[in-house]
Amino acid sequence: MNATIAYLKNCFEQALIAAFGNDLAGVDPVLVPTSNPQFGDYQSNVSMSLAKRLGKAPRAIAQDLIQKLDLSDICEPLEIAGPGFINIKLKTEYLQSQLAAMQGSSRLGVEAAKNPKRVIVDFSSPNIAKEMHVGHLRSTIIGDAIARVLEFQGQDVLRLNHVGDWGTQFGMLITYLQEVCPEALTTADALDLGDLVAFYKKAKQRFDEDPEFQEKSRQEVVKLQSGNPESHRTWQLLCDQSRREFQVIYDLLDICLTERGESFYNPLLQQVIDDLEQTGLLVEDQGAKCVFLEGFTNREGEPLPLIVQKSDGGYNYATTDLAAIRYRIQTDQAKRMIYVTDAGQANHFAQVFQVARRAGWIPEGVEIIHIPFGLVQGEDGKRLKTRSGDTVRLRDLLDEAIVRSRADLETRLKEEDRHESEEFIAHTSQIVGISAVKYADLSQNRTSNYIFSFDKMLALQGNTAPYMLYAYVRIQGISRKGQIDFDNLGSDLKILLQEETEFALARHLLQLDEMIDQVSQDLMPNRLCQYLFELSQKFNQFYDRCPVLQAETSVRTSRLVLCDLTARTLKLGLSLLGIGVLERM
RNA sequence: GGGUACUUAGCUCAGUGGAUAGAGCAACCGCCUUCUAAGCGGUCGGUCACAGGUUCGAACCCUGUAGUACCCGCCA
């Protein structure tokens, strides 16, 4: 547990000073989990790195260091191995007591943050008047998982949905609707959102080829942005409708967001320009107001501008993003701002962050980071499309996952001659299907592109959601069979570690808090997935080797605690990924 | 042309300075009178794109080369 590594680190730091003098104060003892269980639990690699500095052989350094260390309360005697590694093996009694403490903790031994910070996670961000599509999948799933991990830590998390609810698309759309479907401008739900999307595409086409239409659209935007009541009402209608459609998907995914779209920052945009002017960063170029960037150049090697006010006086997304940064710092009091968008926007954010920094808008101690992720690709390695070449609607994608998982389940029920209620089948298929989609996405290193495959994510074996859900179900099976109430196993339970698989499982369980701490720092949910997958594997190995219910009383109790801890860890870990568990499947 | 990211087993991917580079899938071989075999064990499989450099130690850091993807002045 964290407490363990922190304790060891402290001991090593003192031993370094005791052995080699005050010069070594502040040297990192390089304590890491061992690369191989045969080396124990942790290893220190500090001796090798000090060889040159101290002018001694690494093994001799390790020897000197060990003499100043007394860890006999929690560790077996330290061992020096290879070129000078110091291997640390925790005592069995220590592991057992740590497990008992974990068992008695409602947070499984994971401490809450001591100084909670206001953190903003900006994710999902679909566009009004368009449907959510596969492009929104990763931001939504990854952003939610990151928010959940930080919330579990006790951070004060604000989940913001920066929806595209402003801008030129509305001018086009309103102009087009005036022509073909005027009732949609004044009546709620006169159109299906799907139709709206089709209209949007046609409007865009008209916009691109018809100058007269273009001009009308621009005027519509101006009308809207200048607060014309009629335009505003139409805009409101379109937004409401889209919002309800988004909510269907968020409900299906069990994701909570606070909507604060681009329009929210509208009243703040002029101030951004004025303040940039004040700082002296603002330059007028070809009629547009911009800030010239450092480290970004065009074809000719000249500095690239970030345009914050177009030559027609309009603002663009850079302006909105700058206004949002200011608002989030000044009003929301954010100390950490996390933007979960695709890697293609890396440039844009680097530029906007640079301007905000140079303008002095990001105070000391405020962190602002872009969390990029790669494309979702089809099995052909190209951007994921439907067979007809269209963008894949998120709704269709999720429905298909559920339909497929239901088909799998029904086949299985038939094979095993099991009979289950419609409610059970529907619920199980939904959890399995949605979990599979989420887990497949999260288990991948987010920075790389990822190949979407229903067959792989729904596979019952391997690093998939169903495999882990099954491990959880197995534990619930023990509970049912033995009529065990895991919540009331009793107090003062003794844990006895004897078998290899018990030790492996126990050691893994005790790494939970390190894992969560790491994910909260590097914001890589795939590490948590890896941890949970390995936990499931280690549990299945234990389950295979160690009978639980038939064991004699003291062993049985101890193994029941291991089962309970595994189940609770899986449930917690999966919940941080936005994935629910099942009692049976 | 510039920028950013990527290139690891047949396939999909982990592994952001430590010991013999790992997992899943696929293929093959075993294990159900015993808590759900949706499981477990085993075999096979690698010039970590290539070439230099830094380091006691490099898949990982630096430089260069090749390939792939994405981005590059008034869309978001």
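The model is predicted: local features need pLDDT of at least 70, side-chain atom pairs count only at pLDDT 80 or more, and totals for chains, interfaces and linings use all residues. Residues are numbered from 1 along each chain as written, chains are lettered from A and ligands numbered from 1 in written order, and side-chain values use heavy atoms, without hydrogens and water.

**Stop 1: H2 and H3.** Select residues 46–54 (helix H2) and 58–67 (helix H3). Helices are DSSP runs of H or I, at least four residues, and strands are E runs of at least two, numbered from the N terminus. The two axes come within 8 Å and cross at roughly 110 degrees. Axes are lines fitted to C-alpha atoms, for helices over the stretch in contact, with angles from 0 to 180 degrees between N-to-C directions. H2 and H3 are therefore roughly perpendicular (65 to 115 degrees).

Show the side chains. On H2, Leu50 and Leu54 are among the residues in contact (heavy atoms within 4.5 Å) with H3, whose contact residues include Ile61 and Leu65.

**Stop 2: RNA strand B.** Select the 62 residues around RNA strand B (a heavy atom within 4 Å). Lys52, Glu262, Lys310, Tyr470 and Arg474 come nearest.

**Stop 3: H19.** Select residues 525–545. H19 gives the most to this surface, 9 residues. In Asn526, a polar side-chain atom lies 3.4 Å from a phosphate oxygen of RNA strand B.

**Stop 4: Tyr467.** An N or O atom of its side chain is 2.7 Å from a phosphate oxygen of RNA strand B.

Note on methods. Angles under 35 degrees count as roughly parallel, over 145 as roughly antiparallel, 65 to 115 as roughly perpendicular and the rest as oblique. A polar contact is a pair of N or O atoms within 3.5 Å; within protein, one must be able to donate a hydrogen and the other to accept it, and residues adjacent in sequence count only if both atoms are side-chain atoms.
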